[in-house]
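Open the structure in your viewer and keep the selection panel at hand. The stops below say what to select next and what to look for there.

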Amino acid sequence: MVSESAKEPTGVQRLWADPVDVSAAVVAAQRGDEGAFRVIYQVVQPGLLRYLRVLVGEDAEDVASEAWLQIARDLGSFRGDSDGFRGWAATIARHRALDHLRRERRRSGLSVPIEQMADRPSDDDTAGSALDALASDAALALIARLPRDQAEAVLLRVVMGLDAQTAGQVLGKRAGAVRTAAYRGLRKLAKLLERSGTARPDGSGWGVAGADGEGDTTQ
Amino acid sequence: MSTHRSHRIGRFTAERLLRGETAGPDQLAKLLAAAAAPAERGELAGEEAAVAAFREAHLVPALQPRKRSMIKTALLKFVTLKVAAAALSATAVGGVALAAGTGHLPEPLGGPAPSVRPTATHDTGKAPTAGDKHPSASPSPSPSSSSSPSSSPSPSLVGLCRAYQAGAGDNPGKALDNPAFTHLITVAGGKDKVAAYCADRLETRAGKAPASHPTGAPKTHPTGAPKTHPTGAPSTRPGH
């Protein structure tokens, strides 16, 4: 599932492309350029949605749209570069997510649905690009099995493209704490992968999304 | 902790993975790559709704000046009359107004506001200019003072007016019972004239002493992500 950009002849194998620099688009959007705003949305939304997927499960789309309402409304007050903008957007999304979780808990007494992510039935095995979505969902589902601070640290780095410093600002932690949480998360992911490492028929090889029902709470 | 297959992932390897470099166990690298894979079309389904919100946000510039004065009033409401009176007696130059302007209000009131405060204003272009011209750090009176040439303690009258407006929302008559306002009442020509006098007074100073510096210079928050107000911003209601 390695993306095309990994084959760049730069000498370093990449797992994903560098985050796109949206600073110019942000400035233009702040001046009312709608096309620039679309660019921002297209660049930032996928990561945002995946981050939210792990935080709030199937309500991710709803929470994301709430986040974009606020992003659009408060765009004029943002100052900073591209990384800063991602951090700002992630912060907004995170707070919407936490608000959502609080409302949900009050309403139904449900526990945080992060654990539900792991049990979410994956899409049926269909060919072609559906496999990409499947792989992405499967990856997120496994990340969702981490303790939340580890999951967030990993997601903000990997999926939102933030550096440790900016991720720390989103989470209200120091960069060192975010780094540690992310490293622990990766180790745990590696362990989860090893443990459930039976290959599935489609060859994805992760055995996630309910195939392995143990909840590993140790680090 | 380690199984027979484990590669113990050190911090260096972990950091490389988090930056998107191939490292560590193959399966883990693939998992992260899948998590960070390019967008699928379905993930952009909310684009039109977001754009609609964007259009709407840019169609209402007329609200902004009103928002600013609302925010000024809201900020000053937190300043009790006692504090205002003390500030006024301490500095002869409309202490409350400058206190607000210099960001000496306590943090929760939006003193030295970070560059991102969604509750703050949208007038991005204007506020920094006004703020920069204002000698916010110095105790001297505003250079572009619109004070009336006749009365000498006019800057303090402005401060009195601000304090009055801050307290008057609840109970105007009672607010004026405070001896601090005696001078203001005298100058205005009576308790019942204070409101109009102050409205007029502050009108001429509008824009020269913004109570909040929402964007100022992004000195301490270059990345824009709020440090100390993680919960304040996103839960605001429109028109706040």
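Select helix H2 of chain B, residues 26–35. Helices here are DSSP runs of H or I with at least four residues, strands are runs of E with at least two, and both are numbered from the N terminus. H2(B) is mostly covered, with eight of its ten residues buried. A residue is buried if 20 or more other C-beta atoms lie within 10 Å of its own, exposed if 12 or fewer, and partly exposed in between; the C-beta atoms are placed from the backbone. Colour the buried ones: B:Leu28, B:Ala29, B:Lys30, B:Leu31, B:Leu32, B:Ala33, B:Ala34 and B:Ala35.

A word on the model before moving on. It is predicted: local features need pLDDT of at least 70, side-chain atom pairs count only at pLDDT 80 or more, and totals for chains, interfaces and linings use all residues. Residues are numbered from 1 along each chain as its sequence is written, while chains are lettered from A and ligands numbered from 1 in the order in which they are written.

**Chain B as a whole**

Of its 240 residues, 40% count as buried. Take the contacts in chain B with a separation of 6 or more: 70% of them join residues 24 or more positions apart. A contact means that two C-beta atoms, placed from the backbone, lie within 7 Å.

**Helix H11 of chain B**

Go to H11(B), residues 191–203, and pick B:Asp200. Is B:Asp200 buried or exposed? B:Asp200 counts as exposed, because it has 11 C-beta neighbours inside 10 Å.

B:Arg201 is buried, with 24 other C-beta atoms within 10 Å. Its C-alpha lies 7.7 Å from that of B:Cys161, at 40 residues along the chain.

**Chain A as a whole**

Switch to chain A. Here the count is nine helices and zero strands. Of the 219 residues, 52% count as buried. Among contacts in chain A with a separation of 6 or more, 60% come from residues 24 or more positions apart.

**Helix H2 of chain A and the core**

Select H2(A), residues 34–56. The helix is mostly covered: 17 of its 23 residues are buried. Stop at A:Gln45, where H2(A) bends by about 40°, with a proline, A:Pro46, following within four residues. The bend is the angle between axes fitted to the seven residues ending at a position and the seven starting there. Just after the helix, A:Gly57 takes a positive phi of about 65°.

Next, show the largest nonpolar core, which has 86 residues. Such a core is a set of buried Ala, Val, Leu, Ile, Met, Phe, Trp, Tyr and Cys residues joined through C-beta atoms within 7 Å. Those with the most contacts inside this core are A:Tyr51, A:Leu52, A:Ala93 and A:Ile143. H2(A) gives the largest share, twelve residues. Domain 1 (20–111) and domain 2 (113–219) of chain A both contribute residues, so the core lies between them. The domain bounds come from an automatic or database domain assignment.

Centre on A:Ala93. Which residues is A:Ala93 in contact with, leaving aside neighbours within four places in sequence? They are A:Leu48, A:Tyr51, A:Leu52, A:Val63, A:Ala64 and A:Ala67. A second, separate core of eleven residues includes B:Cys161, B:Tyr164, B:Phe181 and B:Ala188.

**Helices H8 and H9 of chain A**

Select H8(A), residues 164–171, and H9(A), residues 175–195. Their axes come within 8 Å and cross at roughly 100°. Axes are lines fitted to C-alpha atoms, for helices over the stretch in contact, and angles run from 0 to 180 degrees between N-to-C directions. H8(A) is therefore roughly perpendicular to H9(A), a label for angles of 65 to 115 degrees. On the H8(A) side, residues making the contact include A:Ala167 and A:Leu171; on the H9(A) side, they include A:Val178 and A:Arg179.

Finish on A:Ala167, in H8(A). A:Ala167 counts as buried, with 30 C-beta neighbours inside 10 Å. Its C-alpha is 6.7 Å from that of A:Gly87, 80 residues apart along the chain. Not counting residues up to four places away in sequence, A:Ala167 touches A:Ala153, A:Leu156, A:Arg157, A:Leu162 and A:Val178.

Definitions and conventions
Angles under 35 degrees count as roughly parallel, over 145 as roughly antiparallel, 65 to 115 as roughly perpendicular and the rest as oblique.
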